[in-house]
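Reader: I would like to go through this model and ask what stands behind the labels attached to it. Please set each value against its criterion.

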Amino acid sequence: MLVFGCLLSGACRTAGAAGLTPAVGASQPPASLQVLHWWTSAGERKAVDVIAGKLAEENIQWRDAAIPGGAGLGASKVLKSMVLAGKAPEATQLNGIVFGEWADLGLLLELDDVATPGNWQKLLFPTVWSLVLNRGHVVAAPLGIHRINNLFYNKKIFDRLNLTPPKTWADFGRVADKLKQAGITPLAQSSEAWQVATLFETLVLAESGPAYYRSLFVDLNPLAFGDQRMTHALKRLRALKEWMPTPLRERPWPDMTRQLADGEAAMFVMGDWAKGELLAWGLNTDQDFACTTVPGTADYHLYSVDTLAMFAGDYSHQPAQEKLAQIIMSQPVQTAYNQLKGAISVWRAPDLSKMDSCARASWAAFSKGSAYQAPSLVHRMAADETAKDAIVAEVHRYFIDDKMSESDVQRKLASIARTVTKTGKLE
């Protein structure tokens with residue numbers, strides 16, 4: 001487990017510990033909540049506005065603390081700094097298994113008083129319900145489920161060139177070759193580390209399926225990293241550079257999505273937050289763009305779950321925080337938020353009529369159950385920050401340095417796995 005500096009130094013506030021209540025006669029706090037998150041793109045802002053608007057209807061102000069940066073790298077650092085300074089936000093985006101680490105420090109508000117009467121356990125997909133539970137208590141409010149193994153394509157380009165979305169890697173090569181001959185970059189891609197690793201984890205899933213994927217990134221089995229399936233995924237990652245922009249630059253994901261929208265690139269592998277961005281720009285699903293899955297992953301769902309957790313503090317904001325959790329789980333907000341964000345509802349039985357073809361395909365795949373689901377490493381669903389950051393850095397190094405062999409990176413990844421599983425941290 002990741003060990004927070006505040007725990008080591010003893011500087012953590014213990015205001016969230018059981019039994020601590022506001023002083024009798026204390027003045028009522030203002031009806032507002034500071035919310036730390038990294039939803040800063042056009043599509044993400046529209047989705048956030050849905051929640052903020054519903055909160056305003058309850059006379060509660062959403063005080064925005066949006067930190068730019070893909071995959072939440074900046075926001076994670078800011079959050080830790082705020083907590084250390086004794087200024088934790090009332091609500092924060094906390095994706096993945098990190099809930100337990102914060103909850104074990106006694107800092108998170110338990111939401112059982114909302115979840116139990118709201119029947120969350122019955123409403124939620126089992127995977128999502130397990131995610132928000134810590135030691136039998138609900139410690140986060142889930143917003144939506146993102147699918148990451150999407151292959152978006154510019155439909156107008158595909159129609160003009162009479163191309164069919166690739167179902168196999170052989171198909172992909174043929175399509176990419178025709179696109180290149182037409183003067184179009186086949187595959188949009190940034191050299192930013194998390195974006196490279198996002199592509200890579202989809203390739204691992206394509207080569208192996210969810211069971212082996214979990215052995216790698218959830219169990220951190222050192223032996224799994226030496227497997228030929230890992231070798232094949234690494235080779236595929238490097239081979240795809242042939243179809244990427246030249247030179248390859250480190251650019252934010254909305255810029256890469258813009259390349260797809262403008263027809264500069266014809267395909268893009270990315271989480272379905274890219275769809276939210278395309279929709280925010282006025283493009284239409286199945287007219288301007290469409291989505292399929294990365295070859296070899298049609299039956300699988302590589303997922304990340306958007307969630308908000310609440311910091312307890314002195315409990316003075318608890319009524320407003322519980323109202324926010326209640327709003328998040330309401331069907332109107334689940335529908336509207338996820339339409340704009342590009343994701344699907346965390347409800348196991350949502351309103352399918354409000355979903356486009358991409359969303360329905362995502363829902364159908366996720367509904368198959370855990371055997372078909374793979375928790376994203378890059379987006380914090382599989383391993384803690386220590387393991388994630390180390391693996392992402394190593395994969396990125398391999399991608400950038402063509403002289404690095406597959407066997408070299410596999411040995412380094414296996415070493416990372418051995419170290420983390422033994423000590424819980426990298427020395």
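Author: A place to start is Pro247, found in the loop between α12 (228-239) and α13 (253-262). The model is a predicted one.

Reader: What makes the peptide bond from Thr246 to Pro247 cis?

Author: Its omega is near -5°, and the bond is cis. Most peptide bonds are trans.

Reader: Why is the protein called as compact as a globular protein of that length?

Author: The protein has 19 helices and 12 strands. Its radius of gyration is 22 Å, and the globule rule gives 22 Å for 427 residues, so the protein is as compact as a globular protein of that length. The C-alpha trace spans about 75 × 50 × 35 Å along the principal axes.

Reader: What share of the residues counts as buried, and what share of the contacts joins residues at least 24 apart?

Author: Of the 427 residues, 56% count as buried. Contacts between residues at least 6 apart in sequence join residues at least 24 apart in 78% of cases.

Reader: How much of the accessible surface belongs to carbon and sulfur atoms, and how far apart are the mean positions of the charges?

Author: The accessible surface is about 17,400 Å², and 51% of that belongs to carbon and sulfur atoms. There are 43 positive and 43 negative charges, and their mean positions are 3 Å apart.

Reader: How do you know that Cys291 and Cys358 form a disulfide?

Author: The S to S distance between Cys291 and Cys358 is 2.1 Å. A disulfide requires sulfur atoms within 2.5 Å, so the pair qualifies. The pair links distant parts of the chain, with Cys291 in strand β10 (residues 289-293) and Cys358 in helix α17 (residues 357-366), 67 residues apart. By this rule the protein has one disulfide.

Reader: Why is Cys358 called buried?

Author: The relative accessible area of Cys358 is 8%. Buried means under 20%, so the label applies to Cys358.

Reader: Which residues are in contact with Lys275, leaving aside its neighbours within four places in sequence, and is Lys275 buried or exposed?

Author: Lys275 sits in helix α14 (residues 273-280). Its relative accessibility is 3%, against a limit of under 20% for buried, so Lys275 counts as buried. Beyond its neighbours within four places in sequence, Lys275 is in contact with Phe152, Phe289, Gly342, Asp356, Cys358 and Ala359. Cys358 in that list is also one end of the disulfide.

Reader: What makes Phe366 count as buried?

Author: Phe366 has 1% relative accessibility, which is under 20%, so Phe366 is buried. Phe366 lies in helix α17. Apart from neighbours within four places in sequence, Phe366 has contacts with Phe125, Thr127, Ile145, His301, Tyr303, Ile344 and Gln373.

Reader: How far from Phe366 is Val218?

Author: Their C-alpha atoms are separated by 18 Å, and the two residues are 148 residues apart along the chain.

Reader: Is Leu220 buried or exposed?

Author: Leu220 has a relative accessible area of 8%, under the 20% limit, so Leu220 is buried.

Reader: Helix α18 has His396 in it. Why is His396 called buried?

Author: Its relative accessible area is 19%, and the cut-off is under 20%, so His396 is buried. The helix covers residues 385-400. With neighbours within four places in sequence left aside, His396 is in contact with Ser191, Glu192, Ala193 and Val196.

Reader: What makes Glu394 count as buried, and which residues does Glu394 touch, not counting residues up to four places away in sequence?

Author: Glu394 lies in helix α18. Its relative accessibility is 9%, which is under 20%, so Glu394 counts as buried. Not counting residues up to four places away in sequence, Glu394 touches Met404, Val409, Lys412, Leu413 and Ile416. Ala233 is 161 residues from Glu394 in sequence and 14 Å away in space, C-alpha to C-alpha.

Technical notes
Residues numbered from 1 in each chain as written. Predicted model: local features only at pLDDT ≥ 70, side-chain atom pairs only at ≥ 80, totals over all residues. Heavy atoms only, no water. Helix = DSSP H or I, 4+ residues; strand = E, 2+ residues; numbered from the N terminus. Buried < 20%, exposed > 50% of the residue type's maximum accessible area, 1.4 Å probe, protein only. Contact = heavy atoms within 4.5 Å. Rg over C-alpha atoms; globule rule 2.2 N^0.38 Å. Areas by Shrake-Rupley, 256 points an atom, 1.4 Å probe, with all protein chains shown as cover. Lys, Arg positive; Asp, Glu negative; His and termini not counted. Charge placed at Lys NZ, Arg CZ, Asp CG, Glu CD.
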